[in-house]
Amino acid sequence: MKDIPIPLEKERSPFLQSVREVIRTRGLAYKTESLVAELMYGCGLRTSEAIKLRVKDIDFGMNVIIVRNSKGNKDRATVLPTKLRDPLRAQLEFVAAQHRQDEINGVGEVYLPYAIERKSGRLPP
């Protein structure tokens with residue numbers, strides 16, 4: 001009988017960008033995308049977590065971001081870097097102003113499931 005070689009598992013190291021790569025990437029991105037990239041890098045967010053981030057998950061008073069339904073379908077908290085507080089606030093103010101202008105122009109609506117529309121008062125009871 002021949003000895004069958006047992007394949008060895010390769011040790012995988014995590015992919016980390018160098019500081020130089022991050023700076024170069026930030027320079028190529030638009031303002032919003034750059035802010036998302038900085039949040040991912042500074043807060044340790046995965047791409048899916050950064051995309052699903054909501055305004056109510058950001059606590060400026062405690063410098064914390066709550067990440068909902070993270071890996072393993074669990075919630076976790078991460079630190080909001082001081083450097084990102086002002087740019088993040090400015091982005092939220094910009095989007096709020098844009099939404100108000102869209103409402104004035106008659107296009108500031110989003111799809112809501114029927115029950116939520118009724119609950120919010122958009123539909124008659």
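## An exposed loop residue

N69 counts as exposed, because its relative accessibility is 53% (buried is under 20% relative accessible area, exposed over 50%, partly exposed in between; 1.4 Å probe, protein chains only). This is a predicted model: local features need pLDDT of at least 70, side-chain atom pairs count only at pLDDT 80 or more, and totals for chains, interfaces and linings use all residues. Residues are numbered from 1 along each chain as its sequence is written, and side-chain values use heavy atoms, with hydrogens and water left out.

N69 sits in the loop between strand 2 and strand 3 (helices, H or I of at least four residues, and strands, E of at least two, are DSSP runs numbered from the N terminus). Its phi is positive, about 50°, although N69 is not a glycine. N73 lies in the loop between strand 2 and strand 3 as well. N73 also has a positive phi, about 60°, and is not a glycine. Its relative accessible area is 60%, so N73 is exposed. Most residues other than glycine have a negative phi.

## Fold and confidence

The chain has 5 helices and 3 strands. Along the sequence they follow the pattern α-α-α-β-β-β-α-α. Of the 125 residues, 18% count as buried. Among contacts (heavy atoms within 4.5 Å) with a separation of 6 or more, 36% come from residues 24 or more positions apart.

The average pLDDT (the predictor's confidence in each residue, from 0 to 100) is 80, and 67% of the residues score at least 70. Confidence is highest in strand 1, at 95. Confidence is lowest in helix 1, residues 19-28, at a mean of 63. Where pLDDT is low, the predicted coordinates should not be read in detail.

The 3 strands form an open sheet in the order 1-2-3, with antiparallel pairing (two strands pair if DSSP finds at least two bridges between them). The edges are strand 1 (58-59) and strand 3 (76-79), each of which pairs on one side only.

Strand 1 and strand 2 run antiparallel and are joined by 2 bridges. Here I58 stands opposite I65 in strand 2.

Leaving out residues up to four places away in sequence, I65 touches L39, C43, L53, D57, I58, R76, A77, T78 and L80.

R46 lies in the loop between helix 2 and helix 3 (47-51). Its relative accessible area is 38%, so R46 is partly exposed.

Which residues does R46 touch, not counting residues up to four places away in sequence? They are M40, S70, K71 and R76. R46 and K71 are 25 residues apart in sequence. In space they are 9.3 Å apart, C-alpha to C-alpha.
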